Amino acid sequence: MFETHSHLFDEKIISELDIILENLNSSNFLGVICICENEKDIEYFIKYSAKYKFLYCSLGIHPHNAKNYDEKKFLEMFKKLQKTNRLLAIGEIGLDFYYNFSPPQQQIQSFNLQLDFAKKYELPVIIHSRKSKDILYEILKQKNIKKGILHCFSEDYEFAKKIIDLGLMLGVSGIITFDKSESLKETFKNVDVSFLVLETDSPYLTPSPYRGKVNNPLYLKYILETLAKIKKIEVNELEKITDYNALKVFNLV
Ligand SMILES: [Zn+2]
């Protein structure tokens with residue numbers, strides 16, 4: 001399996017990280033993307049990626065922290081991660097007008113700057129969007145962003161189609177395992193499987209049947225199994241397809 005989105009160095013999960021990584025290692029994970037956003041994440045990533053070859057990373061300032069975006073600091077962090085040869089994407093970046101932890105204008109500005117950065121270095125992007133889909137879409141279209149993932153997709157089919165038409169993929173998270181996710185299930189039923197990748201968003205969004213526990217990439221299988229039912233595809237087959245999609249979007253094939 002390929003886990004396309006996890007915050008493994010989050011304080012909620014860090015005390016269990018050694019055990020989780022050993023388990024991931026023996027479960028033959030093809031890849032796990034660690035979302036890095038600050039110096040602490042980078043330190044952990046450098047340490048653990050030396051030991052575990054399946055770990056890859058992405059660098060981005062989350063819209064919540066857009067007010068702290070500093071171009072010079074970002075470039076420094078980027079260069080440190082580049083040395084690991086495991087930096088595959090820019091993200092998670094985007095817009096969150098639900099929480100507005102950073103003022104909308106600053107979110108838009110830091111999103112634009114990081115998209116430019118991704119284009120300059122020819123890297124795919126991992127995008128977060130909440131209550132911001134129309135403006136987010138306009139920015140992606142205007143910037144001609146063609147490669148990446150709209151993570152934790154939870155919008156309708158019409159929006160899914162617009163994102164796919166740009167060339168991006170949709171991240172399928174544990175939300176599909178929840179009760180009351182009928183309309184999202186319906187959306188994924190209608191989306192071609194070649195545009196879907198799997199993600200846990202650990203330590204958040206724990207899938208059923210482990211809701212209430214801290215999420216980790218080992219729970220990805222519950223998302224895979226649920227999606228297999230929705231798509232009426234055999235689990236092993238779907239695993240192969242979503243693995244290939246992830247390898248493709250991160251330029252590993
Ligand atoms: Zn995330």
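Select Pro 209 to begin; this residue sits in the loop between β8 and α8. Strand and helix labels here refer to DSSP runs (helices are H or I with at least four residues, strands are E with at least two), numbered from the N terminus. Step back to Ser 208 and inspect the bond that joins Ser 208 to Pro 209: the peptide is cis, with omega near 10 degrees.

The model is predicted: local features need pLDDT of at least 70, side-chain atom pairs count only at pLDDT 80 or more, and totals for chains, interfaces and linings use all residues. Residues are numbered from 1 along each chain, as its sequence is written.

Next, select Ser 202 and Pro 203. The peptide bond from Ser 202 to Pro 203 is cis as well, with omega near 5 degrees. Pro 203 belongs to the loop that runs between β8 (196-198) and α8 (220-231).

Now go to Cys 152, in the loop between β6 (148-150) and α6 (157-166). Check the backbone torsion there: phi of Cys 152 is positive, about 50 degrees, although the residue is not a glycine. Is Cys 152 buried or exposed? Cys 152 counts as buried because it has 22 C-beta neighbours inside 10 Å. The cut-offs are 20 or more other C-beta atoms within 10 Å for buried, 12 or fewer for exposed, and partly exposed in between, with C-beta atoms placed from the backbone.

The last stop is Asn 251, in the segment after α9 (235-249). Asn 251 is a residue other than glycine with a positive phi, near 60 degrees. Asn 251 has 12 C-beta neighbours inside 10 Å, so it counts as exposed.
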